[in-house]
Amino acid sequence: MAAILNRTLIVPPVLDHHAVALGSCPKFRVSDPNKIRVDVWNHVVELLRTGRYVSMADIVDISSLVSLSVIQTIDFRVFASLWCGVKDFDCFNESNEQSSLFDSLKQCGSLLSGLNGNVDKCVHAVGEDCRTTVWTYQNGEKDGVLDSFQPDEQLKRKKKISYVRRRRDVYQTLGPSSAAESATLLAFGSLFTSPYRGSELYIDIHEAPRDQRIQSLIKKIEFLPFVPEILSAGKEVADKNINAHFLCAQLRLLDGQFKNHWKATFLSLKQKVESLGQSPLPIHIFVMTDLPEGNWTGSYLGDLARDSHHFKLHFLREEDELVIKTAKKVVAAKHSLRFAFVPESMGGLKHCPSERFPDVLLFIEEAVCSCASLGFVGTAGSTIAESVELMRTFGTCASQSLTAL
């Protein structure tokens, strides 16, 4: 979206799970974009206050996009420092007696949220979301046509919904000669999208044959790997800790819809394990799951754990030395600042030592699973499973070495 509109992308932090409620597009139960922006800003301030901020670009490697000048980026902390006139933004934490500062930071975010409407030549807060809009680009259809997915009559009556979903060209709506063009900052809410009932929930831009720059970008972002520090950690677990051919099982069991599908989730794993019956014993399995080990009893996981003759289970914990070491490396690398615009007047953000480090366990687990030579079993419908499958398709493990360690 930033490339199409020739804007600098503000790279956000990794947010705590469910810290910002997005709602459900298919059910038209969605948080208003203004509310999402307020919630995100306030949560980011909280991450800074508690010393737990980590940029998305510290986890996902965007160096290829920036180095080729495909898109320009700025780290959220740099943007917020400029926006709010705050220096040494990295150095505020809960030990600082700076409550008034954090209050002012929260107030600073109110302008960005659009709570008081758009500000001429400063902020254009996008009000369209997936209830009313599917963003397109150069798809040849008339701007504003109805999308194929609309709320059904029963839902309209039950929820008193009057939404109509239209397909709108993002360049025509928010680009040159639009009301948004003169605004320095263009603020979206959630940009989450996925296919649904033959349509896209929010963004339907899969190709741009008449714009080779965007077409090239679409191809490049089909897969973006984790940063080298995380991939190397996953390779080290596979090569040194497991040191054998292994199967990876990603079992999401406690959250949302997944807690109601244990039987199907375990059945897929059981079928895969049984298909490996001819493998040398024991069969090594790396397990990544949100089910605490103490609760495995009575489940198929518990059965596997007890049968130590036939199966050897491997897993990582947050307190493991390798996980802690990788978190420190991720912070020290500062990828988010090295590959982003930082004004010379700022002299770079001051780096302050912290006793708290980002939670990188999940990312390392995904990297380990990309190396599973006996295959991968993921939970149906899990975006984490999709991420691992993509990593395996693009062969991230085979392309990694331990030189970074």
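Which residues in α9 meet which residues in α14? On the α9 side they are Ile230, Leu231, Ala233, Gly234, Val237 and Ile242, and on the α14 side Phe363, Ile364, Ala367 and Val368, where contact means heavy atoms within 4.5 Å. By class, that contact has nine nonpolar, one polar and no charged residues.

A quick word on the model: it is predicted, with local features needing pLDDT of at least 70 and side-chain atom pairs pLDDT 80 or more, while totals for chains, interfaces and linings use all residues. Residues are numbered from 1 along each chain as its sequence is written, and side-chain values use heavy atoms, leaving out hydrogens and water.

Now for the cysteines. The count comes to four disulfides, a disulfide being a pair of cysteine sulfur atoms within 2.5 Å. One of them joins Cys25 to Cys130, with the sulfurs 2.0 Å apart. The torsion about that S-S bond is about -95°, so the disulfide is left-handed. Cys25 sits in the loop between β2 and β3, Cys130 in the loop between β5 and β6, 105 residues apart. Both Cys25 and Cys130 are buried (under 20% relative accessible area; exposed is over 50%, and partly exposed is in between, with a 1.4 Å probe and protein chains only).

Cys371 and Cys397 form another disulfide, again with sulfur atoms 2.0 Å apart. Here the S-S torsion is about 105°, so this link is right-handed. Both Cys371 and Cys397 are buried.

What about Cys122? Cys122 is in no disulfide, and the nearest cysteine sulfur, that of Cys108, is 10.0 Å away. Cys122 is partly exposed, at 23% relative accessible area.

Key. Helix = DSSP H or I, 4+ residues; strand = E, 2+ residues; numbered from the N terminus. Nonpolar A, V, L, I, M, F, W, Y, C, P; charged D, E, K, R; others polar.
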